Each structure stands twice: as structure tokens, then as C-alpha cells.
Amino acid sequence: MGILQSASRIHVVGAGGIGVSAVARLLRHEGKAVTGSDVARNETVDELIEGGIPVSIGHHATNLPADADLVVYSGAVPATNPEREEAARRGVRQLSYFEFIGEFSKEKWTIAVSGTNGKSTTTALLGLMLERGGFEPTVIVGSKVTSFPGKNLRLGRGKFFVVEGCEHEANILKLSPQMIVLTNIEEDHLDFYRDLAHIRDTFKEYVRRLPPDGQLILNADDHVSFYELAPTVPFTTYAMDNPADYVARHAAVSTGMQTFQIVRTRGGKEEAVGDFALGVPGRFNVMNALAAATAALELGVSADAIKATLREFTGIWRRFERVGERKGAVIVSDYGHHPTAIRGTLEAARSFYPDRRIVLAFQPHQHNRTRKLFDEFVASFDGADLVLLSEVFDVAGREVAKDRVSSRELVASTQARDSERGVRREVLYGGSLDETFSRLEALIRPDDLVLVVGAGDIYTLAKRLIA
């Protein structure tokens, strides 16, 4: 019996999380009685309440309904949470968000989009392509998509379920996909993984679990993905620089638009799939679009449907999201929290806004990540004209004392790097969010592009700037 048949009264703990909130909506759509709780109200909690899902603020054993037969909890909620303890006392089944998604993936033809960078955008694009192609997919995105009625959830009647497969704590191994789309594999989540080899081996096991008739979409420009996974199922490749089954060529940038051609190789012969236009910046977004298009074409979506999807795509929440202007400066919010993502965001900013001063306001996310990738972070700031670093965002339950590091250290090392490179620019310590906001507000000029970047709560500063 599947998870949707075996439970009728579900309580969701940490309901304001981007993934768990999608599960709450999904279960309600399936006719289940759903309640939730979270430590504080946020925009997502308000959306759930408006959608008819009661959410209690504060965690208490009494929040768990008397007839609850399943608890789904965010990965940030520990076993010592009073609602989880009460569920354990009563013998109520508990599943983490990723365990639930894993169970649900067994009931659908699942397409999992995985990799260190680009998962959310690629998932959104693939979902939109399948939607445009008439396939009626169900999609869960780790962000918000403007055209999805559920923002982070699209409910469909078709057989396809498109979802992000996150590698943190090897959560990808909980999934049962028929297709895996891989963006790239780099060092990250080093509070769990020992090193890149450990990450690679986890992805190798993930790919190995595909069924014999499964499908794998691989990035031929990413060395680890292409050369070190040794897949046992047939795979299809995509790339911009190397030979592949699908290649993006003639990429160019004009005002507010990127264009490129996709060429497909079959039986040693090349054929043009078509010319495409994309309204979001960055070479990395061309790769995200190409990954999604490769999967979509392999699943039977027409080139015309893909063209229309890319032409109309304006991005997703906190992924190079233009939120407004302040004193003539353009304000962009971005979720980037890995050095590669920061570097790509700065390159994207330069390509779409070549005449503006680029101001980077960055909040490092998690002490362990900042410590382990310290030098890579310092180098990733090179593309900014002014750097303002807020203090490191503490991630509850994932920090240890030995990893603690301050953004002051990043500032000092970035200044030293600039001196070695002969570069003169301001690199400043922001301190707390409020202090960072005050400094940022004072620094902004009318011709600036202000990038508010990080996976923590720094995105609130973008809203404050345009308020």
C-alpha cells in the first residue's frame, strides 16, 4: 500500500519550510486532513493558512491531533521536538521530508534533478516544459515558480513527478527515480561528507540504483559527472564545450536576453533542434536550460514547446530575482551559497548589466561550509566592484564549535588577495543583518546593481531596500 493510501490524518512539523510546505499542499490536494506547526510565522506559513491548512505557531505536544496517523517533518526538526516526541510516544509513523518524497516517488514515474548547483532552476524549467508539452506533471521545486498556483508545487494528472534530489546527508538515496538529471558534482555539505570522493561515491550509488530501463542525463562538461560515475544504464549527455548528444552553440548576450542554438547528434549525424532565447542571465542558466531541454526532448516534448517555455521564463524566487529598485539602483536577490554559484551570479550580472557598478552583499551560510571552502569563497568575490559581507548565518543543529569562522576573516583574506592582484576596491564587514542593511543603504548609488546573496535570511534586506 502506497503512502497516500495508508495515511489519512497527517501532521506536518516545520510547515514553513520550502519543501515541507509543498508536501502539506500535496496531501491536502489528495483529500487528506492536514495540520502543521512551525516555530514562527513566515510568508509560506501564511500561504498555507490562506489555503485552508491550519498551522500552529510554536512547537507543543498538544499540536499533534489525536487521530494523527502520520507525521512529516522538516530535516531541520530534531527528534527532541515535542511534537515528534509525542508521535513517538503514541507510535505514530514519522517520515522526514526526504523519506516522504522517497515513498511518493515509488508511486509515480519520477524524474529527479540532482547536482551541486542549478537544481531548482532546472527542476522548474523541466516542469514548465512538460506542462507546455501537455504532459500534466506534478512538480516540487525547492523555490517558488511564479506560474505555479502552489508556487513551490504544481499538481498534475499525468504520470510524471519532477522533484529536486538533494545530496545533503545522502538524501538522494531515498528516491526511486526512473530518470536522473545531473547538473554537476562539486564539494559541498562537508559537515556530512568527508571529501569530494565521498560525494562522488554517493552519486555513483544513486545512479547505480536506476532501474535497467532508467534514463540518465549527464553534463559532459563536468568532469566528475561524466568521467567518474561509471553508470550501468544508457545515458544521454549535454554540454556547451565538449562533444555531447545535445550541445548548446553560438551562445550570445544582447540586452536582457541570451540566445543559443541546440544541436543534437544521433548516429554520428548532427541535426539542429532549433534556436532558443532565454530571458535570465548567466552561462550557468544556459546550462540549466540545456539540461532541462535535453530531458524534455528525450521524454517527447516538442522543440516548439521548449522554445516557448524558455522565451517566457523570468526566473524563480531568489535565483537572480530582480525584486525592484532603490534610488535608481537595481536590486537582485539570489540564493547562491556555494563559491561556484557566487562566481556564476557575478558573471551573469556583468553580462546583463555591463555598465553598472556591481555591489555584492553576501551572507555566508553555515560555518562548516565557510571554513571548508574558505579560499574558494575569497576567490569567488573577484567579479564584484564592492563587497559587503554580513556575518555568517548559523544553521541550527549543523554547527560545531571547531568550525566557527567570522566574515571578518573573509574580509581580511579578500583584501589581501586584492592587494596581491593589484586591485583597489572596497571590501567591507557588514556585521549583523541590521548593520549590513544600514551600511548597504549608505553605499548604494543610482547606477548600481546590488546583489543580495545567500541562503540564510539576508534576502529580507532586498525587500527592505525596495520597501
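Q: What kind of model is this?
A: This is a predicted model, so please read every value below as computed from that prediction.

Q: Why is arginine 318 called buried?
A: Buried means under 20% relative accessible area. Arginine 318 has 4% relative accessibility, so it counts as buried. You will find arginine 318 in the loop between helix H10 (303-312) and strand S16 (321-326).

Q: What makes lysine 327 partly exposed?
A: Partly exposed is the range between the buried limit of 20% and the exposed limit of 50%. Lysine 327 has a relative accessible area of 46%, so it is partly exposed. Lysine 327 sits in the loop between S16 and strand S17 (329-334). Its phi is positive too, about 55°, although lysine 327 is not a glycine.

Q: Is histidine 250 buried or exposed, and how do you know?
A: Exposed means over 50% relative accessible area. Histidine 250 has 62%, so it is exposed. Histidine 250 belongs to strand S13 (residues 246-254).

Q: Which residues does histidine 250 touch, apart from its neighbours within four places in sequence?
A: Histidine 250 is in contact with Thr259, Phe260 and Gln261. For phenylalanine 260, the separation from histidine 250 is ten residues in sequence and 5.3 Å in space, C-alpha to C-alpha.

Q: Why does alanine 305 count as buried?
A: The limit for buried is under 20%. Alanine 305 has 7% relative accessibility, so it counts as buried. Alanine 305 is part of helix H10, and beyond its neighbours within four places in sequence, alanine 305 is in contact with Arg132 and Gly133.

Q: How many residues separate alanine 305 from aspartate 375 in sequence, and what is their separation in space?
A: Alanine 305 and aspartate 375 are 70 residues apart in sequence, and their C-alpha atoms are 42 Å apart.

Q: Which residues make the contact between H2 and H5?
A: From H2 come Gly19, Val20, Val23, Leu26 and Leu27, and from H5 come Tyr97, Phe100, Ile101 and Phe104. Eight of the residues in the contact of H2 with H5 are nonpolar, one is polar and none is charged.

Q: What is the strand order of the open sheet of ten strands?
A: The order is S8-S7-S9-S6-S10-S11-S12-S13-S14-S15, with mixed pairing.

Q: What makes S8 and S15 edge strands?
A: Strand S8 (153-154) and strand S15 (269-278) each pair on one side only.

Q: How do you know that S6 and S9 pair?
A: Two strands pair if at least two bridges are found between them. Strand S6 (residues 109-114) and strand S9 (residues 160-165) have six bridges, in the parallel sense. Alanine 112 has valine 163 in S9 as its bridge partner.

Q: Why do S16 and S20 stand at the edges of their sheet?
A: Their open sheet has six strands in the order S16-S17-S21-S18-S19-S20, with mixed pairing. S16 and S20 each have a single partner strand, so one side of each is left without a neighbour in the sheet. Neighbouring strands of this sheet are turned by 20° against each other on average, direction ignored.

Q: Why is strand S20 described as largely enclosed by the rest of the structure?
A: Five of the six residues of S20 (residues 426-431) are buried, so S20 is largely enclosed. Strand S19 (residues 386-390) pairs with S20 in the parallel sense over five bridges, and leucine 388 has leucine 428 in S20 as its bridge partner.

Note on methods: Residues numbered from 1 in each chain as written. Predicted model: local features only at pLDDT ≥ 70, side-chain atom pairs only at ≥ 80, totals over all residues. Heavy atoms only, no water. Buried < 20%, exposed > 50% of the residue type's maximum accessible area, 1.4 Å probe, protein only. Helix = DSSP H or I, 4+ residues; strand = E, 2+ residues; numbered from the N terminus. Contact = heavy atoms within 4.5 Å. Nonpolar A, V, L, I, M, F, W, Y, C, P; charged D, E, K, R; others polar. Axes fitted to C-alpha atoms, helices over the stretch in contact; angles between N-to-C directions.
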